Amino acid sequence: MVFRKPPDGGWGWVIVVVSFFTQFLCYGSPLAVGVLYLEWLDAFGEGKGKTAWVGSLANGIGLLASPVCSICVSSFGARPVAIFSGFMVAGGLMMSSFAPNIYFLYVSYGIVVGLGCGLLYTATVTITCQYFDKHRGLALGLISTGSSVGLFIYAALQRELIELYGLDGCLLIVGALSLNILACGSLMRPLESSSSPPPEKMCVDKVPDQYFVYHEKEKTVEENISILEKGYIDEKCVNNVPDCKQDGILNKSVLSSININEKDTYKKKVVEQTNFCKQLAKRKWQLYLTYWKETMVLFKNKVFAALFVAILLFDIGGFPPSLLMEDVARSANISEDDYYMPLISIIGIMTTVGKLVLGILADFKWVNTLYLYVTTLLMTGVALFAIPFAKSYLTLAMLSGILGFLTGNWSIFPYVTTKTVGIEKLTHAYGILMFFAGLGNSLGPPIVGWFYDWTQEYDTAFYFSGFCVLLGGFLLLLAALPCWNACTNQSSKLPPNTYSYKVASNA
(Lines give C-alpha, C1' and ligand atoms only; values in the text may rest on other atoms or scores of the structure.)
Protein backbone atom coordinates (compact mmCIF):
# COMPACT_ATOMS: atom_id res chain seq x y z
CA MET A 1 0.00 0.00 0.00
CA VAL A 2 1.39 3.40 -1.04
CA PHE A 3 0.71 6.34 1.25
CA ARG A 4 0.83 10.00 0.42
CA LYS A 5 3.01 12.38 2.36
CA PRO A 6 1.48 13.12 5.82
CA PRO A 7 -0.56 16.33 5.42
CA ASP A 8 0.06 17.51 9.02
CA GLY A 9 -3.40 19.04 9.06
CA GLY A 10 -6.62 19.01 7.09
CA TRP A 11 -8.45 15.73 7.66
CA GLY A 12 -5.71 14.84 10.12
CA TRP A 13 -7.33 17.04 12.76
CA VAL A 14 -10.57 15.12 12.26
CA ILE A 15 -8.54 11.97 12.92
CA VAL A 16 -7.24 13.55 16.14
CA VAL A 17 -10.76 14.40 17.32
CA VAL A 18 -12.24 10.98 16.57
CA SER A 19 -9.18 9.22 18.08
CA PHE A 20 -9.59 11.32 21.23
CA PHE A 21 -13.24 10.30 21.55
CA THR A 22 -12.41 6.70 20.70
CA GLN A 23 -9.97 6.45 23.60
CA PHE A 24 -12.43 8.37 25.78
CA LEU A 25 -15.24 5.90 25.05
CA CYS A 26 -13.24 2.67 25.20
CA TYR A 27 -10.97 3.40 28.18
CA GLY A 28 -13.46 5.35 30.30
CA SER A 29 -15.05 2.34 31.98
CA PRO A 30 -11.94 0.08 32.31
CA LEU A 31 -9.88 2.85 33.91
CA ALA A 32 -12.76 3.82 36.22
CA VAL A 33 -13.45 0.18 37.06
CA GLY A 34 -12.84 0.91 40.75
CA VAL A 35 -16.46 2.08 41.01
CA LEU A 36 -17.68 -1.22 39.56
CA TYR A 37 -15.22 -3.14 41.73
CA LEU A 38 -17.14 -2.20 44.87
CA GLU A 39 -20.41 -3.40 43.37
CA TRP A 40 -18.89 -6.70 42.23
CA LEU A 41 -17.54 -7.31 45.73
CA ASP A 42 -21.03 -6.96 47.15
CA ALA A 43 -22.79 -8.82 44.33
CA PHE A 44 -20.63 -11.95 44.14
CA GLY A 45 -19.10 -12.05 47.63
CA GLU A 46 -15.68 -13.14 46.36
CA GLY A 47 -12.33 -12.11 47.82
CA LYS A 48 -10.73 -8.82 46.91
CA GLY A 49 -7.84 -10.50 45.14
CA LYS A 50 -10.11 -12.64 42.95
CA THR A 51 -12.41 -9.72 42.13
CA ALA A 52 -9.51 -7.41 41.29
CA TRP A 53 -8.57 -9.71 38.40
CA VAL A 54 -11.49 -8.29 36.38
CA GLY A 55 -10.16 -4.74 36.27
CA SER A 56 -6.52 -5.77 36.00
CA LEU A 57 -7.23 -7.99 32.98
CA ALA A 58 -9.21 -5.23 31.28
CA ASN A 59 -6.27 -2.84 31.59
CA GLY A 60 -3.42 -5.29 31.09
CA ILE A 61 -4.61 -7.61 28.32
CA GLY A 62 -4.35 -4.89 25.67
CA LEU A 63 -0.67 -4.31 26.46
CA LEU A 64 0.04 -8.04 26.66
CA ALA A 65 -1.54 -8.55 23.24
CA SER A 66 0.12 -5.50 21.65
CA PRO A 67 2.03 -7.59 19.04
CA VAL A 68 -1.25 -9.20 17.91
CA CYS A 69 -2.97 -5.81 17.81
CA SER A 70 -0.18 -4.38 15.64
CA ILE A 71 -0.45 -7.29 13.20
CA CYS A 72 -4.24 -6.81 12.93
CA VAL A 73 -3.95 -3.09 12.19
CA SER A 74 -1.15 -3.67 9.67
CA SER A 75 -3.12 -6.40 7.89
CA PHE A 76 -6.64 -4.91 7.81
CA GLY A 77 -6.16 -1.18 8.37
CA ALA A 78 -7.15 1.16 11.19
CA ARG A 79 -10.77 1.78 10.14
CA PRO A 80 -11.96 -1.87 9.93
CA VAL A 81 -10.14 -2.73 13.16
CA ALA A 82 -11.68 0.28 14.95
CA ILE A 83 -15.21 -0.64 13.85
CA PHE A 84 -14.78 -4.29 14.78
CA SER A 85 -13.22 -3.37 18.15
CA GLY A 86 -16.11 -1.01 18.86
CA PHE A 87 -18.46 -4.01 18.66
CA MET A 88 -16.10 -5.93 20.98
CA VAL A 89 -16.04 -3.22 23.66
CA ALA A 90 -19.77 -2.55 23.51
CA GLY A 91 -20.64 -6.24 23.41
CA GLY A 92 -18.29 -7.06 26.29
CA LEU A 93 -19.79 -4.35 28.49
CA MET A 94 -23.35 -5.41 27.72
CA MET A 95 -22.59 -9.09 28.31
CA SER A 96 -21.06 -8.18 31.67
CA SER A 97 -24.46 -6.91 32.81
CA PHE A 98 -25.72 -10.53 32.62
CA ALA A 99 -22.71 -12.05 34.42
CA PRO A 100 -23.82 -14.86 36.78
CA ASN A 101 -20.42 -15.08 38.51
CA ILE A 102 -16.99 -13.53 38.66
CA TYR A 103 -15.53 -16.01 36.17
CA PHE A 104 -17.91 -14.83 33.48
CA LEU A 105 -16.61 -11.29 34.05
CA TYR A 106 -13.04 -12.47 33.51
CA VAL A 107 -14.01 -13.25 29.91
CA SER A 108 -16.66 -10.62 29.10
CA TYR A 109 -15.11 -7.60 30.83
CA GLY A 110 -11.50 -8.62 31.33
CA ILE A 111 -10.60 -10.28 28.02
CA VAL A 112 -13.20 -9.06 25.49
CA VAL A 113 -13.27 -5.43 26.61
CA GLY A 114 -9.52 -5.41 27.33
CA LEU A 115 -8.58 -6.80 23.93
CA GLY A 116 -10.95 -4.39 22.21
CA CYS A 117 -9.31 -1.48 24.00
CA GLY A 118 -5.86 -2.70 22.95
CA LEU A 119 -6.93 -2.90 19.31
CA LEU A 120 -8.48 0.57 19.45
CA TYR A 121 -5.38 2.08 21.04
CA THR A 122 -3.16 0.63 18.31
CA ALA A 123 -5.56 1.75 15.58
CA THR A 124 -5.79 5.35 16.85
CA VAL A 125 -2.03 5.70 17.29
CA THR A 126 -1.30 4.18 13.87
CA ILE A 127 -3.77 6.32 11.90
CA THR A 128 -2.61 9.47 13.74
CA CYS A 129 1.05 8.77 12.92
CA GLN A 130 0.10 8.32 9.25
CA TYR A 131 -1.52 11.76 9.08
CA PHE A 132 1.12 13.69 11.03
CA ASP A 133 4.88 14.12 10.80
CA LYS A 134 5.96 17.55 12.03
CA HIS A 135 3.14 17.82 14.58
CA ARG A 136 3.06 14.14 15.47
CA GLY A 137 4.03 14.71 19.11
CA LEU A 138 1.24 17.24 19.60
CA ALA A 139 -1.31 15.00 17.89
CA LEU A 140 -0.36 11.94 19.95
CA GLY A 141 -0.41 14.02 23.14
CA LEU A 142 -3.92 15.25 22.39
CA ILE A 143 -5.39 11.81 21.70
CA SER A 144 -3.67 10.30 24.76
CA THR A 145 -5.57 12.66 27.05
CA GLY A 146 -8.81 11.02 25.92
CA SER A 147 -8.29 8.07 28.28
CA SER A 148 -7.54 10.36 31.23
CA VAL A 149 -10.61 12.53 30.58
CA GLY A 150 -12.61 9.33 30.23
CA LEU A 151 -11.41 8.18 33.65
CA PHE A 152 -12.43 11.51 35.18
CA ILE A 153 -15.95 11.53 33.68
CA TYR A 154 -16.76 7.83 33.79
CA ALA A 155 -15.94 7.54 37.49
CA ALA A 156 -18.74 9.97 38.36
CA LEU A 157 -21.01 8.78 35.53
CA GLN A 158 -20.90 5.11 36.54
CA ARG A 159 -21.51 5.98 40.18
CA GLU A 160 -24.59 8.00 39.21
CA LEU A 161 -25.89 5.31 36.85
CA ILE A 162 -25.51 2.64 39.53
CA GLU A 163 -27.61 4.70 41.93
CA LEU A 164 -30.32 5.25 39.31
CA TYR A 165 -30.43 1.95 37.41
CA GLY A 166 -28.29 -0.50 39.36
CA LEU A 167 -25.12 -2.28 38.27
CA ASP A 168 -26.73 -4.13 35.35
CA GLY A 169 -28.36 -0.99 33.98
CA CYS A 170 -25.11 0.93 34.33
CA LEU A 171 -23.19 -1.61 32.24
CA LEU A 172 -25.92 -1.69 29.58
CA ILE A 173 -25.93 2.11 29.25
CA VAL A 174 -22.12 2.35 29.21
CA GLY A 175 -22.04 -0.38 26.56
CA ALA A 176 -24.57 1.51 24.47
CA LEU A 177 -22.43 4.66 24.73
CA SER A 178 -19.47 2.64 23.46
CA LEU A 179 -21.32 2.03 20.19
CA ASN A 180 -20.38 5.60 19.28
CA ILE A 181 -16.92 4.15 18.59
CA LEU A 182 -18.41 2.81 15.34
CA ALA A 183 -19.12 6.35 14.15
CA CYS A 184 -15.62 7.46 15.16
CA GLY A 185 -14.04 4.50 13.40
CA SER A 186 -15.95 5.15 10.18
CA LEU A 187 -14.26 8.57 9.96
CA MET A 188 -10.74 7.07 10.12
CA ARG A 189 -10.21 7.40 6.38
CA PRO A 190 -6.98 5.66 5.30
CA LEU A 191 -4.27 7.84 3.81
CA GLU A 192 -3.83 5.97 0.50
CA SER A 193 -2.52 7.15 -2.83
CA SER A 194 -5.34 7.38 -5.35
CA SER A 195 -2.97 6.57 -8.23
CA SER A 196 -1.91 3.21 -6.78
CA PRO A 197 -3.13 0.14 -8.74
CA PRO A 198 -5.51 -2.35 -7.13
CA PRO A 199 -3.74 -4.70 -4.74
CA GLU A 200 -5.18 -7.82 -6.41
CA LYS A 201 -3.81 -6.92 -9.82
CA MET A 202 -0.41 -6.06 -8.44
CA CYS A 203 -0.21 -9.35 -6.57
CA VAL A 204 -1.17 -11.45 -9.61
CA ASP A 205 1.21 -9.68 -11.97
CA LYS A 206 4.12 -10.14 -9.63
CA VAL A 207 3.68 -13.89 -9.14
CA PRO A 208 6.24 -15.81 -11.29
CA ASP A 209 4.86 -18.42 -13.69
CA GLN A 210 6.89 -21.22 -12.18
CA TYR A 211 5.05 -20.88 -8.84
CA PHE A 212 1.57 -21.60 -10.18
CA VAL A 213 0.07 -24.94 -9.13
CA TYR A 214 1.06 -27.33 -11.88
CA HIS A 215 -1.77 -29.88 -11.93
CA GLU A 216 -4.21 -27.36 -13.45
CA LYS A 217 -1.74 -26.55 -16.19
CA GLU A 218 -1.04 -30.23 -16.76
CA LYS A 219 -4.75 -30.94 -17.15
CA THR A 220 -5.09 -28.21 -19.80
CA VAL A 221 -2.14 -29.59 -21.76
CA GLU A 222 -3.56 -33.11 -21.75
CA GLU A 223 -6.96 -31.88 -22.97
CA ASN A 224 -5.33 -29.94 -25.82
CA ILE A 225 -3.23 -32.96 -26.77
CA SER A 226 -6.28 -35.23 -26.91
CA ILE A 227 -8.13 -32.76 -29.14
CA LEU A 228 -5.17 -32.41 -31.50
CA GLU A 229 -4.71 -36.16 -31.59
CA LYS A 230 -8.33 -36.78 -32.52
CA GLY A 231 -8.39 -34.10 -35.21
CA TYR A 232 -5.13 -35.23 -36.72
CA ILE A 233 -6.20 -38.89 -36.95
CA ASP A 234 -9.62 -38.05 -38.40
CA GLU A 235 -8.10 -35.90 -41.10
CA LYS A 236 -5.61 -38.61 -42.12
CA CYS A 237 -8.24 -41.29 -42.19
CA VAL A 238 -10.47 -39.29 -44.55
CA ASN A 239 -7.70 -38.38 -47.00
CA ASN A 240 -5.70 -41.62 -46.96
CA VAL A 241 -7.30 -44.64 -45.36
CA PRO A 242 -4.30 -47.05 -45.64
CA ASP A 243 -2.01 -44.66 -43.85
CA CYS A 244 -4.47 -44.13 -40.96
CA LYS A 245 -3.16 -46.85 -38.71
CA GLN A 246 0.49 -45.97 -39.40
CA ASP A 247 -0.04 -42.28 -38.74
CA GLY A 248 -1.97 -43.11 -35.58
CA ILE A 249 0.92 -45.17 -34.26
CA LEU A 250 3.39 -42.43 -35.18
CA ASN A 251 1.23 -39.79 -33.57
CA LYS A 252 0.96 -41.80 -30.35
CA SER A 253 4.75 -42.08 -30.17
CA VAL A 254 5.06 -38.33 -30.64
CA LEU A 255 2.45 -37.65 -27.98
CA SER A 256 4.10 -40.07 -25.58
CA SER A 257 7.35 -38.15 -25.98
CA ILE A 258 5.43 -34.93 -25.27
CA ASN A 259 3.99 -36.46 -22.11
CA ILE A 260 7.48 -37.50 -21.01
CA ASN A 261 8.69 -33.93 -21.52
CA GLU A 262 5.71 -32.62 -19.58
CA LYS A 263 6.47 -35.00 -16.71
CA ASP A 264 10.07 -33.80 -16.67
CA THR A 265 8.81 -30.21 -16.58
CA TYR A 266 6.47 -31.11 -13.75
CA LYS A 267 9.35 -32.59 -11.75
CA LYS A 268 11.42 -29.47 -12.36
CA LYS A 269 8.62 -27.26 -11.13
CA VAL A 270 8.14 -29.41 -8.04
CA VAL A 271 11.86 -29.05 -7.30
CA GLU A 272 11.61 -25.27 -7.85
CA GLN A 273 8.63 -24.98 -5.50
CA THR A 274 10.39 -27.11 -2.89
CA ASN A 275 13.49 -24.92 -3.08
CA PHE A 276 11.31 -21.82 -2.84
CA CYS A 277 9.63 -23.12 0.32
CA LYS A 278 13.00 -24.03 1.81
CA GLN A 279 14.37 -20.56 1.10
CA LEU A 280 11.26 -18.93 2.57
CA ALA A 281 11.46 -21.03 5.75
CA LYS A 282 15.18 -20.29 6.02
CA ARG A 283 14.52 -16.57 5.66
CA LYS A 284 11.82 -16.62 8.35
CA TRP A 285 14.11 -18.54 10.66
CA GLN A 286 16.85 -15.98 10.09
CA LEU A 287 14.41 -13.21 10.98
CA TYR A 288 13.54 -14.95 14.25
CA LEU A 289 17.22 -15.44 15.07
CA THR A 290 17.94 -11.79 14.28
CA TYR A 291 15.07 -10.69 16.52
CA TRP A 292 16.37 -12.68 19.50
CA LYS A 293 19.94 -11.54 18.90
CA GLU A 294 18.79 -7.90 18.90
CA THR A 295 16.81 -8.59 22.08
CA MET A 296 19.91 -9.97 23.80
CA VAL A 297 21.86 -6.91 22.65
CA LEU A 298 19.25 -4.66 24.23
CA PHE A 299 19.50 -6.43 27.58
CA LYS A 300 23.28 -6.01 27.55
CA ASN A 301 22.59 -2.32 28.05
CA LYS A 302 22.46 -1.88 31.84
CA VAL A 303 20.06 1.05 31.66
CA PHE A 304 17.60 -0.82 29.43
CA ALA A 305 17.72 -3.86 31.72
CA ALA A 306 17.05 -1.61 34.73
CA LEU A 307 14.27 0.17 32.80
CA PHE A 308 12.63 -3.18 32.10
CA VAL A 309 12.65 -4.03 35.84
CA ALA A 310 11.49 -0.53 36.79
CA ILE A 311 8.45 -0.49 34.48
CA LEU A 312 7.38 -3.94 35.66
CA LEU A 313 7.67 -3.01 39.36
CA PHE A 314 6.09 0.40 38.79
CA ASP A 315 2.96 -1.14 37.25
CA ILE A 316 2.74 -3.80 39.95
CA GLY A 317 2.83 -1.18 42.68
CA GLY A 318 1.60 2.01 41.04
CA PHE A 319 -1.49 0.81 39.18
CA PRO A 320 -3.57 -0.61 42.11
CA PRO A 321 -4.55 2.81 43.59
CA SER A 322 -6.53 3.69 40.45
CA LEU A 323 -8.53 0.51 40.94
CA LEU A 324 -8.72 0.16 44.71
CA MET A 325 -8.74 3.71 46.08
CA GLU A 326 -12.52 3.76 46.46
CA ASP A 327 -12.40 0.56 48.50
CA VAL A 328 -9.55 2.02 50.58
CA ALA A 329 -11.82 4.93 51.50
CA ARG A 330 -14.65 2.56 52.41
CA SER A 331 -12.28 0.44 54.52
CA ALA A 332 -11.23 3.61 56.37
CA ASN A 333 -14.92 4.18 57.29
CA ILE A 334 -15.12 7.47 55.43
CA SER A 335 -18.72 8.59 55.10
CA GLU A 336 -20.16 9.07 51.63
CA ASP A 337 -21.43 12.47 52.74
CA ASP A 338 -17.81 13.65 52.87
CA TYR A 339 -17.31 12.83 49.18
CA TYR A 340 -17.07 15.94 47.07
CA MET A 341 -15.69 14.02 44.08
CA PRO A 342 -14.83 10.35 43.49
CA LEU A 343 -11.19 9.67 44.25
CA ILE A 344 -10.79 7.94 40.89
CA SER A 345 -11.98 11.12 39.16
CA ILE A 346 -9.26 13.05 40.95
CA ILE A 347 -6.67 10.53 39.77
CA GLY A 348 -7.97 10.87 36.21
CA ILE A 349 -7.90 14.66 35.96
CA MET A 350 -4.48 14.88 37.63
CA THR A 351 -3.11 12.24 35.24
CA THR A 352 -4.08 14.55 32.38
CA VAL A 353 -2.29 17.45 34.06
CA GLY A 354 0.74 15.28 34.76
CA LYS A 355 1.03 14.15 31.15
CA LEU A 356 0.99 17.73 29.92
CA VAL A 357 3.34 19.20 32.55
CA LEU A 358 5.88 16.37 32.44
CA GLY A 359 5.79 16.38 28.64
CA ILE A 360 6.55 20.11 28.61
CA LEU A 361 9.38 19.67 31.12
CA ALA A 362 10.91 16.94 28.97
CA ASP A 363 11.23 19.42 26.07
CA PHE A 364 13.58 21.70 28.04
CA LYS A 365 17.23 21.14 27.11
CA TRP A 366 18.45 21.40 30.70
CA VAL A 367 16.11 18.60 31.88
CA ASN A 368 17.41 15.03 31.79
CA THR A 369 14.37 12.86 31.02
CA LEU A 370 15.82 9.77 32.70
CA TYR A 371 16.37 11.57 36.01
CA LEU A 372 12.92 13.15 35.66
CA TYR A 373 11.39 9.70 35.22
CA VAL A 374 13.37 8.31 38.18
CA THR A 375 12.13 11.23 40.31
CA THR A 376 8.51 10.37 39.50
CA LEU A 377 9.12 6.74 40.49
CA LEU A 378 10.66 7.65 43.84
CA MET A 379 7.90 10.15 44.64
CA THR A 380 5.27 7.56 43.71
CA GLY A 381 6.84 5.08 46.14
CA VAL A 382 6.75 7.65 48.95
CA ALA A 383 3.09 8.49 48.20
CA LEU A 384 2.16 4.80 48.31
CA PHE A 385 3.84 4.46 51.71
CA ALA A 386 1.70 7.38 52.95
CA ILE A 387 -1.67 5.80 52.00
CA PRO A 388 -1.96 3.67 55.20
CA PHE A 389 -1.67 6.88 57.29
CA ALA A 390 -4.51 8.65 55.45
CA LYS A 391 -7.71 8.36 57.48
CA SER A 392 -9.80 11.19 56.00
CA TYR A 393 -11.24 12.06 52.63
CA LEU A 394 -9.04 15.17 52.34
CA THR A 395 -5.78 13.30 52.80
CA LEU A 396 -6.85 10.51 50.45
CA ALA A 397 -7.88 13.11 47.88
CA MET A 398 -4.47 14.80 48.13
CA LEU A 399 -2.66 11.49 47.75
CA SER A 400 -4.90 10.56 44.83
CA GLY A 401 -4.02 13.82 43.11
CA ILE A 402 -0.29 13.28 43.70
CA LEU A 403 -0.42 9.71 42.42
CA GLY A 404 -2.46 10.76 39.39
CA PHE A 405 0.01 13.51 38.52
CA LEU A 406 3.00 11.16 38.85
CA THR A 407 1.25 8.51 36.74
CA GLY A 408 1.46 11.05 33.93
CA ASN A 409 5.09 9.94 33.53
CA TRP A 410 3.77 7.70 30.75
CA SER A 411 4.10 10.74 28.48
CA ILE A 412 7.90 10.86 28.95
CA PHE A 413 8.49 7.11 28.89
CA PRO A 414 9.04 7.05 25.08
CA TYR A 415 11.63 9.84 25.53
CA VAL A 416 13.52 7.74 28.05
CA THR A 417 13.36 4.64 25.87
CA THR A 418 14.65 6.54 22.84
CA LYS A 419 17.59 8.03 24.74
CA THR A 420 18.43 4.61 26.15
CA VAL A 421 18.43 2.41 23.04
CA GLY A 422 18.41 4.86 20.12
CA ILE A 423 15.74 5.69 17.60
CA GLU A 424 16.61 2.65 15.44
CA LYS A 425 15.77 0.22 18.25
CA LEU A 426 12.81 2.16 19.67
CA THR A 427 10.03 0.00 18.17
CA HIS A 428 11.65 -3.25 19.26
CA ALA A 429 12.51 -2.03 22.77
CA TYR A 430 9.18 -0.28 23.34
CA GLY A 431 7.24 -3.41 22.40
CA ILE A 432 9.17 -5.45 24.97
CA LEU A 433 8.67 -2.84 27.69
CA MET A 434 4.94 -2.50 26.97
CA PHE A 435 4.49 -6.26 27.25
CA PHE A 436 5.95 -6.27 30.76
CA ALA A 437 3.99 -3.13 31.62
CA GLY A 438 0.84 -5.06 30.76
CA LEU A 439 2.06 -7.94 32.90
CA GLY A 440 2.49 -5.54 35.83
CA ASN A 441 -0.97 -4.06 35.26
CA SER A 442 -2.48 -7.53 35.32
CA LEU A 443 -0.68 -8.68 38.48
CA GLY A 444 -0.69 -5.54 40.62
CA PRO A 445 -4.34 -5.24 41.78
CA PRO A 446 -4.78 -8.99 42.51
CA ILE A 447 -1.59 -9.01 44.59
CA VAL A 448 -2.81 -6.04 46.65
CA GLY A 449 -6.21 -7.70 46.99
CA TRP A 450 -4.61 -10.95 48.18
CA PHE A 451 -2.67 -9.03 50.80
CA TYR A 452 -5.96 -7.64 52.08
CA ASP A 453 -7.55 -11.10 52.10
CA TRP A 454 -4.65 -12.41 54.20
CA THR A 455 -4.32 -9.48 56.62
CA GLN A 456 -7.83 -7.89 56.47
CA GLU A 457 -6.25 -4.43 56.03
CA TYR A 458 -4.59 -2.46 53.21
CA ASP A 459 -1.54 -1.24 55.14
CA THR A 460 0.72 -4.18 54.32
CA ALA A 461 -0.47 -4.19 50.71
CA PHE A 462 0.52 -0.57 50.09
CA TYR A 463 3.80 -0.98 51.92
CA PHE A 464 4.53 -3.76 49.45
CA SER A 465 3.45 -1.56 46.52
CA GLY A 466 5.62 1.33 47.69
CA PHE A 467 8.60 -0.98 48.13
CA CYS A 468 8.22 -2.32 44.57
CA VAL A 469 8.14 1.16 43.02
CA LEU A 470 11.05 2.44 45.14
CA LEU A 471 13.12 -0.63 44.28
CA GLY A 472 12.56 -0.09 40.58
CA GLY A 473 13.43 3.61 40.87
CA PHE A 474 16.67 2.97 42.79
CA LEU A 475 17.78 0.24 40.37
CA LEU A 476 17.22 2.57 37.42
CA LEU A 477 19.07 5.39 39.21
CA LEU A 478 22.06 3.18 39.96
CA ALA A 479 22.22 1.94 36.37
CA ALA A 480 22.23 5.53 35.06
CA LEU A 481 25.01 6.83 37.30
CA PRO A 482 28.03 8.12 35.34
CA CYS A 483 30.41 5.90 37.31
CA TRP A 484 29.24 2.92 35.22
CA ASN A 485 30.65 4.52 32.08
CA ALA A 486 33.90 5.38 33.85
CA CYS A 487 34.37 1.89 35.32
CA THR A 488 33.28 -0.34 32.43
CA ASN A 489 33.55 1.88 29.32
CA GLN A 490 30.24 0.37 28.35
CA SER A 491 29.53 2.75 25.53
CA SER A 492 32.59 1.57 23.60
CA LYS A 493 31.69 -2.10 23.96
CA LEU A 494 28.07 -1.94 22.90
CA PRO A 495 27.18 -2.75 19.28
CA PRO A 496 26.10 0.06 16.93
CA ASN A 497 22.68 1.68 17.43
CA THR A 498 22.69 0.72 21.15
CA TYR A 499 24.22 2.97 23.77
CA SER A 500 24.07 3.64 27.46
CA TYR A 501 22.30 6.67 28.84
CA LYS A 502 24.87 9.33 29.66
CA VAL A 503 23.88 11.53 32.55
CA ALA A 504 25.56 14.54 31.02
CA SER A 505 23.42 14.35 27.90
CA ASN A 506 20.31 16.46 27.66
CA ALA A 507 16.91 15.11 26.78
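User: Which exposed residues sit on the face of H4 turned away from its buried side?

Analyst: That face carries Ile71, Ser74, Ser75 and Phe76. Exposed means over 50% relative accessible area, buried means under 20%, and partly exposed lies in between (1.4 Å probe, protein chains only). One caution before we go on. This is a predicted model, where local features need pLDDT of at least 70, side-chain atom pairs count only at pLDDT 80 or more, and totals for chains, interfaces and linings use all residues. Residues are numbered from 1 along each chain as its sequence is written, and side-chain values use heavy atoms, with hydrogens and water left out.

User: Which are the buried residues of helix H4?

Analyst: First, the general idea. An α-helix has 3.6 residues a turn, so residues three or four places apart point the same way. Now the case here. Helix H4 spans residues 66–76, and its buried residues are Ser66, Cys69 and Val73. They lie on the same side of H4 because they cover an arc of only 60° around the axis. The arc is taken over the directions from the helix axis to the C-beta atoms.

User: What covers the buried residues of H4? And what follows H4?

Analyst: The cover includes helix H3 (48–64), helix H5 (78–96) and helix H6 (102–131). Gly77 follows H4, and its phi is positive, near 95°.

User: How many helices and strands are in the chain?

Analyst: The chain has 21 helices and zero strands. Both are DSSP runs: helices are H or I with at least four residues, strands are E with at least two, and numbering starts at the N terminus. Of the 507 residues, 45% count as buried.

User: How do I read contacts?

Analyst: A contact means heavy atoms within 4.5 Å. Take the contacts in the chain with a separation of 6 or more: residues 24 or more positions apart account for 83% of them. Ala139 lies in helix H7 (residues 136–178). Leaving out residues up to four places away in sequence, Ala139 touches Val16, Thr128 and Phe132. Ala139 and Ile15 are 124 residues apart in sequence, but their C-alpha atoms are 9.3 Å apart in space.

User: Why does Ala139 count as buried?

Analyst: Ala139 counts as buried because its relative accessibility is 0%.

User: How do I read aromatic pairs?

Analyst: A pair of aromatic rings is described by the distance of the centres and the angle of the planes. Rings of Phe, Tyr and Trp (its six-membered ring) pair if their centres lie within 6.5 Å; planes under 30 degrees apart are stacked, over 60 edge-to-face and the rest tilted. By this rule there are 13 aromatic pairs. Phe21 and Phe24 have ring centres 6.4 Å apart and planes at 80°, so they are edge-to-face. They are three residues apart in helix H1 (residues 11–31), so about one helical turn separates them. Phe21 is partly exposed at 40% relative accessibility, while Phe24 is buried at 13%. Phe435 and Phe436 are also an edge-to-face pair: 5.3 Å centre to centre, with 90° between the planes.

User: Which residues form one aromatic cluster?

Analyst: Phe20, Phe21, Phe24 and Tyr154 do.

User: How do I read a charge over a ring?

Analyst: Look for NZ of Lys or CZ of Arg within 6 Å of the ring centre and within 35 degrees of the ring normal. Lys48 lies over the face of Tyr452, 4.6 Å from the ring centre. Arg189 lies over the face of Trp11, 4.3 Å from the ring centre.
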